[in-house]
Amino acid sequence: MFAPERVNPVRKLASVSLEKPSNGLKMCKWIILICLSLNVCACAVTKPYSQGDSDRDMVLVPAGEFMMGTSEEEIPYLAKLYNERAKWFKREVPKHKVYVDAFYIDKYEVTNADYKKFIKAGGYNKKEYWTDEGWEWKEIENVTRPAFWENSNYNKPDQPVVGVSWYEAYAYAKWRVARLPTEAEWEKASRGTDERLYPWGEVPADEGGIYRANYKPDNYDEDGFYHPAPVGSFPKGASPYGCQDMAGNVWEWCSDWFSFEYYRQSPGINPKGPPTAPGRVVRGGSWRYLMVDLRCTFRFAVFPDVRLNFGGFRCVKEAK
Ligand SMILES: [Ca+2]
Ligand SMILES: [Ca+2]
């Protein structure tokens, strides 16, 4: 039975200790931006990749509308359900209708095996894949691989790559002739069009003793995994389009900057986030987070140069 921890969410984040990567992660920089903003608080179709990843699949998310976010009216119910503060859900309001063009999205989180191809292809040495800011960051920090690349808890070929900054995720996606999903694309791929709570539907992630995601139950490994699981380990947790691990395993970078208030003014067609902000959006919860954060609508923000052992990504492509 689901029994969420009763912790201050901001404190919960601040208390997470990262394992120190070999290339010297600046610990102070991993601060999650939400802390700043708060307390001022299936017609799945497969299509091979065109470059570098022909052994993996993408699924089609058809064009159309869906309901994004959470309504004010739903917050009391959610706060009670998860024994969480109402404030925790405020960033998701209002619920609003969004039209998104058709796109292909990775069925799985990008794995270490996938990412190794980018490294082998010289991805860290080719400026054309990087944003100007990302390239400058990489050069100054002398980054040549993900932060936990040599850590055996994280570096199995079929585990999702972790310890990658937003800049590295962007560069990988560009190398693959793809891109990071917008926040709206990510949510639609996770939620579909029926306003469900989780990618698999409404029941808790552990309903009937069957786990649907790698997250943090009372004990980390009650769901079978203490660290990131091999991608696709929870087929019963698939989204309406067949995406795996949209809930849990690793948080996933989106292309948008994060704004606490963005939903109150975002365009109704293909929203791409505010022009700038301190942090980038991440979605979906992870092996270090609670069930409340597995919800399709939950939004979070991280500085783009932060490299977390519970943060990864997946890619999208235009469907034309
Ligand atoms: Ca777990
Ligand atoms: Ca995930």
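Visitor: What share of the residues in the protein is buried?
Guide: In this predicted model, buried residues account for 49% of the 320 residues.

Visitor: And how many helices and strands are there?
Guide: The protein has seven helices and ten strands.

Visitor: What is the average pLDDT?
Guide: The average for the protein is 86, and 82% of the residues score at least 70.

Visitor: Where does pLDDT stay under 50?
Guide: That applies over residues 1-55. The model has 91 contacts beyond four places in sequence for residues 1-55. Where pLDDT is low, the predicted coordinates should not be read in detail.

Visitor: Turning to the open sheet of four strands, what is its order?
Guide: The order is S8-S7-S6-S9, and the pairing is mixed.

Visitor: Which strands stand at the edges?
Guide: Strand S8 (299-302) and strand S9 (311-312) do. Each has a single partner strand, so one side of each has no neighbour in the sheet.

Visitor: In what sense do S7 and S8 pair, parallel or antiparallel?
Guide: Strand S7, residues 280-283, pairs with S8 in the antiparallel sense, over four bridges.

Visitor: Which residue of S8 stands opposite arginine 283?
Guide: Arginine 283 faces arginine 299 in S8. Further along, valine 281 has alanine 301 of S8 as its bridge partner.

Visitor: Which way do the residues of S8 point?
Guide: Arg299 and Ala301 point one way from the strand, while Phe300 and Val302 point the other way. All of them are buried.

Visitor: Which helix lies across S6, S7 and S8?
Guide: Helix H7, residues 183-191, lies across these strands. H7 runs at about 140 degrees to S6, which spans 251-257.

Visitor: Now the helix pair H5 and H6: at what angle do they pack?
Guide: Helix H5 (residues 132-141) packs against helix H6 (residues 166-175) at an angle of about 120 degrees. Their axes are 9 Å apart.

Visitor: Is the crossing left-handed or right-handed?
Guide: H5 passes H6 in a left-handed crossing.

Visitor: Which residues make the contact?
Guide: H5 contributes Gly134, Trp137 and Lys138, and H6 contributes Tyr167, Tyr170 and Ala171.

Visitor: How do the residues of that contact divide into nonpolar, polar and charged?
Guide: In the contact of H5 with H6, four are nonpolar, one is polar and one is charged.

Note on methods: Residues numbered from 1 in each chain as written. Chains lettered and ligands numbered in written order. Predicted model: local features only at pLDDT ≥ 70, side-chain atom pairs only at ≥ 80, totals over all residues. Pairing = 2+ DSSP bridges. Helix = DSSP H or I, 4+ residues; strand = E, 2+ residues; numbered from the N terminus. Contact = placed C-beta atoms within 7 Å. Axes fitted to C-alpha atoms, helices over the stretch in contact; angles between N-to-C directions. pLDDT = per-residue confidence, 0-100. Buried ≥ 20, exposed ≤ 12 C-beta atoms within 10 Å, placed from the backbone. Left-handed = near helix turned anticlockwise from the far one by under 90°. Nonpolar A, V, L, I, M, F, W, Y, C, P; charged D, E, K, R; others polar.
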